[in-house]
Structures are given as C-alpha cells and as structure tokens.
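Please keep the sequence and the structure in view while reading.

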Amino acid sequence: MNIVGFGDSFIVSREDNKAYMNLIGKHFNVKPESRGVSGSGPWNMFFDFLEYKNPMDVAIIAWSKMFAPLTTSLVNDVT
C-alpha cells in the first residue's frame, strides 16, 4: 500500500516514533511518504497534491492550524 501525506509540519516524518506519519506507517506496516513542509499553508498542500504524479493508494491531507496564513507572504508582512 502506498500512503502519501501532504500538508504542513504535522505531516512531516521525524525520527520521533510518535510523529503522525510514523504512527500510520507502523499501524499499516508500510513506509509512508511524507511531503509535509513546515511553515506552509493549504495552498502549498493543495498544489503539491495536484502535481504529485506517482501512484498512491491513500492520500492523507493535514493542515494543523486552522487559522494559519493562506500564503507565506502574509507571515512576512505582519509587523
């Protein structure tokens, strides 16, 4: 089974066995692919998903902060 995660830092795989994608992999006995980008927002996740060309059985879409900026430029403009 090919499981691919798209999103922000919540979906990033880490050495920590408690990271979400690591728990998913352990549960299903697979090595999931994590395409999470720390500090990103929903647009990055959405376009990364659309541009992903490899076959996948399951896509996990996660966005950890409901009110996170929709673009990184908003973060840079806040003073």
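## Terms and model

In this report, contact means that heavy atoms lie within 4.5 Å. Angles run from 0 to 180 degrees between N-to-C directions, and axes are lines fitted to C-alpha atoms. The structure is a predicted model.

## The sheet

Three strands form an open sheet in the order S2-S1-S3, with parallel pairing. Strands S2 and S3 stand at the edges, and each has a single partner strand, so one side of each is left without a neighbour in the sheet.

The pairing of S1 with S3 is parallel and extends over five bridges. Within this pairing, Gly5 has Ile60 of S3 as its bridge partner. The pairing of S1 with S2 (residues 33-34) is also parallel, over two bridges. Here Val4 has Glu33 of S2 as its bridge partner, while Gly5 stands opposite Ser34 in S2.

## Strand S1 and its cover

How many residues of strand S1 are buried? Strand S1 covers residues 3-7, and five of its five residues are buried. In a regular strand, side chains alternate between the two faces of the sheet. In S1, Ile3, Gly5 and Gly7 point one way, whereas Val4 and Phe6 point the other way. The residues on both sides are buried.

Helix H1 (residues 20-28) lies across S1, S2 and S3. The direction of H1 is at about 165° to that of S1.

## Helix H2 and the surface patch

A nonpolar patch on the surface is formed by Trp43, Phe46, Phe47, Phe49, Leu50 and Ile61. Together these residues have about 580 Å² of accessible area. Helix H2 (residues 42-51) gives the most to this patch, with five residues. Ile61, by contrast, is located in strand S3 (residues 58-62). The relative accessible area of Ile61 is 49%, so this residue is classed as partly exposed, because the exposed class begins only over 50%.

Is Asp48 buried or exposed? Asp48 belongs to helix H2. Its relative accessibility is 14%, and Asp48 therefore counts as buried, since the cut-off for buried residues is under 20%. When neighbours within four places in sequence are left aside, Asp48 is in contact with Phe6 and Arg35. Phe6 is itself one of the buried residues of S1.

Terms used
Residues numbered from 1 in each chain as written. Predicted model: local features only at pLDDT ≥ 70, side-chain atom pairs only at ≥ 80, totals over all residues. Heavy atoms only, no water. Patch = residues over 30% accessible without salt bridge, like charges linked within 9 Å, V, L, I, M, F, W, Y side chains within 5 Å. Areas by Shrake-Rupley, 256 points an atom, 1.4 Å probe, with all protein chains shown as cover. Salt bridge = Lys/Arg side-chain N within 4 Å of Asp/Glu carboxyl O. Helix = DSSP H or I, 4+ residues; strand = E, 2+ residues; numbered from the N terminus. Buried < 20%, exposed > 50% of the residue type's maximum accessible area, 1.4 Å probe, protein only. Pairing = 2+ DSSP bridges.
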